[in-house]
Amino acid sequence: GAGRLAVVGLGIVLTFGASGCKEPGPTAKASPSSATKGQLRVTCTIGMIGDAARNLGGEHVMVTALMGPHIDPHLYKATPADHRALLEADLIFYNGLHLEGRMSDLFVQLARKRPVIAVTQDIKPELLREPPEFEGNYDPHVWFDVSLWMSAVETIRNSMIEHLPAHRDVLQSNGKKYLDELAVLHAECKTRLGIIPKERRVLVTAHDAFGYFGRAYDLEVFAIQGISTESEAGIKKMNDLVNVLVERKIGAVFVESTVNPRSIEALVQGCSGRGHPIKIGGQLYSDAMGAEGTPEGTYVGMVRKNIDVIVKALQ
Ligand code: ZN
């Protein structure tokens with residue numbers, strides 16, 4: 001529903017649209033029924049999983065990712081076309097940890113007749129974040145610690161081998177190649193973000209998608225909304241954040257590709273009202289990759305682009 005937000009004492013009143021989500025962008029979906037003989041039909045939720053499945057399976061899989069650019073997975077409901085893509089799939093992957101909060105009943109139903117796998121299932125619980133404001137639940141945004149996402153990629157690879165045993169060797173070798181690329185990316189994140197001076201290692205975003213990222217690459221993370229975009233952006237949270245930004249003289253905040261920028265714009269106004277001008281450092285890809293065919297339309301490209309934006313704004 002629409003949440004009304006006021007920044008007390010600053011005279012800023014905002015109204016968000018449906019929990020701050022952007023209009024869904026166009027999504028190009030290939031139907032899994034167009035799979036050629038012998039191909040495994042794989043249907044995934046978020047693009048990051050689809051990208052991994054394509055890298056691993058190559059010509060042996062027909063991958064459909066349901067959620068395209070700008071789609072917020074916390075709020076996403078399956079369309080009739082999605083239902084078809086799920087029913088026709090040989091193998092279904094989703095993130096899990098309640099990321100796809102409005103699809104959980106559907107996964108339970110689908111799992112009665114076909115393999116439905118949460119790609120985060122093999123990550124050790126002690127490596128998962130359990131934020132106090134999301135009590136009893138783990139933070140689902142594991143893809144922003146590249147080393148954790150490597151575990152998800154292994155889970156995807158293992159399931160694909162199980163369902164395509166004839167192509168075990170190629171899946172193993174593609175898996176090794178992709179995991180090596182991710183190991184390089186993880187090291188690159190550390191090196192490149194490492195140049196940001198200590199006092200500026202603060203990442204402020206619209207919703208709390210960067211907890212694992214901050215933990216892995218040593219940045220302090222603040223967000224207006226919680227782990228799910230379904231949570232309301234509270235007045236107190238907004239005022240607290242303005243205080244943090246003013247007191248610590250933080251110069252930049254970031255909008256997200258899957259969240260309405262208005263809450264971040266309000267934060268900028270709030271700081272300006274306190275005599276501390278801050279800028280919007282750019283847009284980060286949070287819960288969806290960029291457009292297909294662009295560098296950001298892949299997992300590796302999306303992470304790299306975020307690093308470019310963060311380093312440029314904070315260094
Ligand atoms: Zn999120």
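1. Basis. In this predicted model, local features need pLDDT of at least 70 and side-chain atom pairs count only at pLDDT 80 or more, while totals for chains, interfaces and linings use all residues. Numbering runs from 1 along each chain as its sequence is written, and side-chain values use heavy atoms, with hydrogens and water left out.

2. Overall make-up. The protein has nine helices and 10 strands; these are DSSP runs numbered from the N terminus, helices being H or I of at least four residues and strands E of at least two. Of the 315 residues, 55% are buried (buried is under 20% relative accessible area, exposed over 50%, partly exposed in between, with a 1.4 Å probe and protein chains only). Among contacts with a separation of 6 or more, 69% join residues 24 or more positions apart; a contact means heavy atoms within 4.5 Å.

3. Zinc site. Four residues coordinate the zinc ion at 1.9 to 2.0 Å: His74, His141 and His207, each through NE2, and Asp287 through OD. Donors are N, O and S atoms within 2.8 Å of the metal (3.2 Å for Na, K and Ca), and since water is not among the atoms, sites may look incomplete. The spacing of the donors along the chain is H-x66-H-x65-H-x79-D. Within this set, His141 and Asp287 link distant parts of the chain, 146 residues apart. His141 is in the loop between strand E6 (116–118) and helix H4 (146–163), and Asp287 is in the loop between strand E10 (279–284) and helix H9 (299–314). His141 is buried at 0% relative accessible area, and Asp287 is buried at 1%.

4. Zinc geometry. The angles among the four donor atoms run from 95 to 123°, and the site is tetrahedral. Four donors count as tetrahedral if all angles lie between 85 and 135 degrees. The ideal angle for four tetrahedral donors is 109.5 degrees.

5. Second largest pocket. This pocket holds about 290 Å³ of space. It has 18 lining residues, and the closest to its centre are Asp208, Val221, Phe222, Ala223 and Lys237. A pocket is an open set of points on a 1 Å grid over the protein atoms alone, where a 1.4 Å probe fits, with protein on both sides within 12 Å along at least five of seven lines; lining residues have an atom within 4 Å of a point. Helix H6 (211–217), strand E8 (220–225) and helix H7 (235–247) each supply at least two lining residues, and E8 gives the most, with five.

6. Thr45. This residue is in strand E3 (residues 40–46) and is buried, at 1% relative accessible area. Leaving out residues up to four places away in sequence, Thr45 touches Ala65, Leu66, Met67, Phe93, Tyr94, Asn95, Glu100, Met103 and Phe107.

7. Loop between H8 and E10. Arg274 lies between helix H8 (262–273) and E10 and is partly exposed, at 39%. Its C-alpha atom is 8.5 Å from that of Val242, 32 residues apart along the chain. His276 is also in the loop between H8 and E10, but is buried at 13%. Beyond its neighbours within four places in sequence, His276 contacts Leu245, Val246, Lys249, Ile250 and Cys271.

8. Positive phi. Leu97, not a glycine, has a positive phi of about 55°, and His98 has a positive phi near 65°. Leu97 is buried at 18% relative accessibility, whereas His98 is exposed at 52%.

Methods: Four donors count as tetrahedral if all angles lie between 85 and 135 degrees; four count as square planar and six as octahedral if opposite donors are over 155 degrees apart and all others between 65 and 115; anything else is irregular. Grid points are joined across faces, edges and corners, and a volume is the space filled by probe spheres set on the points.
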